[in-house]
Amino acid sequence: MAETRKVAIVGAGLIGRAWAMIFARAGWRAALHDPSPTALEAAPGLCLAGLQELARHGLCDDPEAAAGRISVAHSLTEALAGAEFVQENGPEDAATKRAIFAELDFLAAPDCILASSTSAIPASVFTEGLAGRARCLVAHPVNPPHLVPVVELSGAPWTAPETIARARKIFTGIGQAPITVKREIEGFVLNRLQGALLAEAFRLVQEGYVSPQDLDTTVAEGLGLRWSFLGPFATIELNAPGGIPDYCARYGPFYGRIAAAPPGSEVFGAAGIAGIMEQWGETPDRAEIATRSARRDARLAALAAHKKEVGEA
């Protein structure tokens, strides 16, 4: 019987635990490491609870067995022993990531891939000086990764093509949906798309065209319904008889006028945000955010189960 494949998860917070569940659900051994003893102690129980919740939606066949493949490692050396892949989930800070990756590059086996969950920092920023920089890349997930499968693979100019290919095969094999970012760019693809939508949303609210609540309804009960199974190109292809070229001929001038005067960076300034919050209401406390996050995750799990059922059919 072949030996079970192993992943090292560096950082046992929300994203790290999600990665452990994803790999373990797919049959991998997952070793979690975190400098916080408290985070490490809590991780196995939280992972089991998460896997059991996935099972209730038909998204994990045997949560107890999967949880049994998740272990805690009290040192990086222990976590990396026998690992063929590393998923780093440290703070979103370039200097911190340089230090972590220097240690990972020194300790990991030469053929072990080193990936970061960073949301916006290009891999070149924290891997340039590493001897093993060719095996380093960004593998950016979306929160929560165990329910939103896309993973953005973005290498530095020196990342080997084989590294991207191996990473893509691994993520596909564990049930995620990897995409390749062909050239380095800050924020990668998803966050740049999200940023463009947020900037226009902020402008529309700040300039008095719509309330923040009605804007959210526009996306949740409008664009978001199509986007849950079609991307923007596939969406507009179906919105004109002649497909994408026909759609652009009909609506391109209108979109061009919007693009010619994009929202400025000031929409994210303190004054603009204060105006939005005046309409939005008070920020919920941590307990309420946790409650709403759990509700979100339950809805996402139901959607993931539906998409899985439709895909299998």
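## Exercises on a predicted model

By class, 11 nonpolar, 3 polar and 3 charged residues make up the lining of the second largest pocket. Here Ala, Val, Leu, Ile, Met, Phe, Trp, Tyr, Cys and Pro count as nonpolar, Asp, Glu, Lys and Arg as charged, and the others, Gly among them, as polar. This is a predicted model, in which local features need pLDDT of at least 70, side-chain atom pairs count only at pLDDT 80 or more, and totals for chains, interfaces and linings use all residues. Residues are numbered from 1 along each chain as its sequence is written, and side-chain values use heavy atoms, leaving out hydrogens and water.

**Exercise 1.** Find which residues touch the most other members of the largest nonpolar core.

*Solution.* Start with the term: a nonpolar core is a set of buried Ala, Val, Leu, Ile, Met, Phe, Trp, Tyr and Cys residues joined through side-chain atoms within 4.5 Å. Buried means under 20% relative accessible area, exposed over 50%, partly exposed in between (1.4 Å probe, protein chains only). Next, look among the 39 residues of the core: Phe23, Leu32, Leu51, Ile70, Phe85 and Phe171 touch the most other members.

**Exercise 2.** Locate the cis peptide bond between Asn143 and Pro144.

*Solution.* Most peptide bonds are trans.

**Exercise 3.** Describe phi and burial at Phe188.

*Solution.* Begin with the backbone: phi of Phe188 is near 60 degrees, a positive value in a residue other than glycine. Then turn to accessibility: Phe188 is buried, with a relative accessible area of 1%.
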